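Subject: Handing over a structure

Dear colleague,

I am passing the structure below on to you, together with an account of what was found in it. Please keep the sequence and the model open beside this message as you read.

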Amino acid sequence: MTASPRHVYDRASLAFHWLTAILVGLNWALAEGRGFLPKGDARALVLSVHIATGFAIAAILLLRLAWRLTLGHKPPRLPGVLEAIGRLAHVLLYLLLALTVATGISRALGHGSRLFAWRLDVPMPAPLHAFLRAAGSIHGTIADALVILAGLHALAAIAHHALLRDDTLNRMLPLIGDRLRAPRPWTRHTERLLRRLGIHPTRAD
């Protein structure tokens, strides 16, 4: 008997996924909310928390990639054309996350930002300093793109449950996934139409 698809993700992979999602959302909110604060200690503190959280996201990203490439369980193959779309979305998410972290660190170093009691003022050649400032200038744009793609990723998981009626959403919710009502199977007419579009929905258990 094969294991249910909702159990293919190990606890470490789920922890990395949700820690990343929570910290990225928090950091985006901190960056957006900081602009509403007057210049002073409160605004400087928010920036320090933002930078510290960015370093934490960078560490989690490295651990997550190492885990996935070695011991972590691989996600199951999706039906039909959804396999290619899913793989492309995951590659873009990892790429945008890495670029967001890299440009954020570049911005902090290029501007000599303060991290609580420490100033990130590292001696460096002028060309490198100019490069870091230029790379940091696109940090906000890339972060916005990451949040938008992450939102679409979440909507896709909901669509899997509500439209394709498979177990994708359940296996990503370790605490409440088993409590979600299993979606009703498609009618034969609807399944036939989806298969003509190259989509082969999996019947829920």
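The confidence figures in this message are pLDDT values, that is, the predictor's confidence in each residue on a scale from 0 to 100. They matter here since this is a predicted model. In the protein chain, helix α4 (residues 126-136) has the highest confidence, with a mean of 95, whereas helix α7 (residues 188-196) has the lowest, with a mean of 64. Over residues 1-7 the pLDDT is below 50, and this stretch makes eleven contacts in the model beyond near neighbours in sequence. Averaged over the protein chain, the pLDDT is 82, and 74% of the residues score at least 70.

As for the overall layout, the protein chain contains seven helices and two strands, and its elements, read from the N terminus on, follow the order α-α-α-β-β-α-α-α-α. Of its 205 residues, 34% count as buried. Among the contacts in the protein chain with a separation of 6 or more, 67% are between residues 24 or more positions apart.

The buried residues of α1 are S13, L14, F16, H17, T20, L23, V24, N27 and L30. Helix α2, with 29 residues, reaches 42 Å from its first C-alpha to its last, which is close to the 42 Å expected at 1.5 Å a residue. Its buried residues include V46, H50, G54, I57, L61 and R64.

In α4, the buried residues are L132, A135 and G136. These cover an arc of only 95 degrees around the axis, and therefore lie on the same side of α4. A126 and P127, on the other side of α4, are exposed.

Two single residues also deserve a look. T100 lies in helix α3, and because its relative accessible area is 11%, under the 20% cut-off, T100 counts as buried. Leaving aside neighbours within four places in sequence, T100 is in contact with H139, I142, A143 and L146. F116, by contrast, is placed in the loop between β1 (114-115) and β2 (118-119), and its relative accessibility of 40% makes it partly exposed. Most residues other than glycine have a negative phi. The phi of F116, however, is positive, near 55 degrees.

Finally, there is the second largest pocket, which has a volume of about 650 Å³. It is lined by 29 residues, and those closest to its centre are A31, H50, G104, R107 and H139. Helices α1, α2 (41-69), α3 (82-110) and α5 (139-164) each supply at least two residues of this lining, with α3 giving the most, at seven residues.

With best wishes

Notes. Residues are numbered from 1 along each chain as its sequence is written. This is a predicted model: local features need pLDDT of at least 70, side-chain atom pairs count only at pLDDT 80 or more; totals for chains, interfaces and linings use all residues. Side-chain values use heavy atoms; hydrogens and water are left out. Helices (H or I, at least four residues) and strands (E, at least two) are DSSP runs, numbered from the N terminus. Contact means heavy atoms within 4.5 Å. Buried means under 20% relative accessible area, exposed over 50%, partly exposed in between (1.4 Å probe, protein chains only). The arc is that of the directions from the helix axis to the C-beta atoms. On a 1 Å grid over the protein atoms alone, a cavity is a set of points where a 1.4 Å probe fits but cannot get out, and a pocket is an open set with protein on both sides within 12 Å along at least five of seven lines; lining residues have an atom within 4 Å of a point. Grid points are joined across faces, edges and corners, and a volume is the space filled by probe spheres set on the points. The expected span of a helix is 1.5 Å times one less than its number of residues.
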